[in-house]
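This report concerns the structure displayed here.

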Amino acid sequence: MTDSACPSCGAPATLASRYCGDCGTELVVQCATCDATWPLGQQFCGACGMNLDEVGTRDVEERKVVTALFADLVSSTELAARLDPRS
Ligand SMILES: [Zn+2]
Ligand SMILES: [Zn+2]
């Protein structure tokens, strides 16, 4: 494991930073087992011992998918509004 990166903007994040210096996102990783949050870069959940390194990577991937889906939803909603003659 090398440096961490901001899950929001991808800016390099030092392990000592609590918030991203670029976008202000709180740099935490959430345990998938017990939902506790820990500083980005922490290896294991302090509450249940889950490996947070794998969880954090997966979480970032999921967030990218959610963002893409949301963008899709917004554009289709706008399209529907334009096509609706009553609006
Ligand atoms: Zn950021
Ligand atoms: Zn945990």
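## Confidence by element

Helices (H or I, at least four residues) and strands (E, at least two) are DSSP runs, numbered from the N terminus. The protein as a whole has a mean pLDDT of 79, and 79% of its residues reach 70 or more. Where pLDDT is low, the predicted coordinates should not be read in detail.

Residues are numbered from 1 along each chain as its sequence is written, and chains are lettered from A and ligands numbered from 1 in the order in which they are written. Because this is a predicted model, local features need pLDDT of at least 70 and side-chain atom pairs count only at pLDDT 80 or more, whereas totals for chains, interfaces and linings use all residues.

## Overall architecture

The protein contains one helix and four strands, in the order β-β-β-β-α from the N terminus. Of its 87 residues, 13% are buried. A residue is termed buried if 20 or more other C-beta atoms lie within 10 Å of its own, exposed if 12 or fewer, and partly exposed in between, with C-beta atoms placed from the backbone.

Two residues are in contact if their C-beta atoms, placed from the backbone, lie within 7 Å. Among contacts between residues at least 6 apart in sequence, 17% join residues at least 24 apart.

## The nonpolar core

The largest nonpolar core has nine residues: Cys-6, Ala-13, Cys-20, Leu-27, Val-29, Cys-31, Leu-40, Cys-45 and Leu-52. Such a core is a set of buried Ala, Val, Leu, Ile, Met, Phe, Trp, Tyr and Cys residues joined through C-beta atoms within 7 Å.

Leaving aside residues up to four places away in sequence, Cys-20 touches Cys-6, Ser-8, Cys-9, Ala-11, Ala-13, Thr-25 and Leu-27. Another core member, Val-29, lies in strand E3. Val-29 counts as buried because it has 23 C-beta neighbours inside 10 Å. Its C-alpha is 9.7 Å from that of Gln-43, 14 residues away in sequence.

Beyond residues up to four places away in sequence, Val-28 touches Thr-37, Trp-38, Pro-39 and Leu-40. Between Val-28 and Gly-41, 13 residues apart in sequence, the C-alpha to C-alpha distance is 8.3 Å.

Gly-21 sits in the loop between strand E2 (12–13) and strand E3 (28–30). With 14 other C-beta atoms within 10 Å, Gly-21 is partly exposed. Gly-21 and Cys-6 are separated by 15 residues in sequence and by 9.1 Å in space, C-alpha to C-alpha. In the loop between E3 and E4 lies Asp-35, which has a positive phi of about 70° although it is not a glycine. Asp-35 is exposed, with 10 other C-beta atoms within 10 Å.

Methods: pLDDT is the predictor's confidence in each residue, from 0 to 100.
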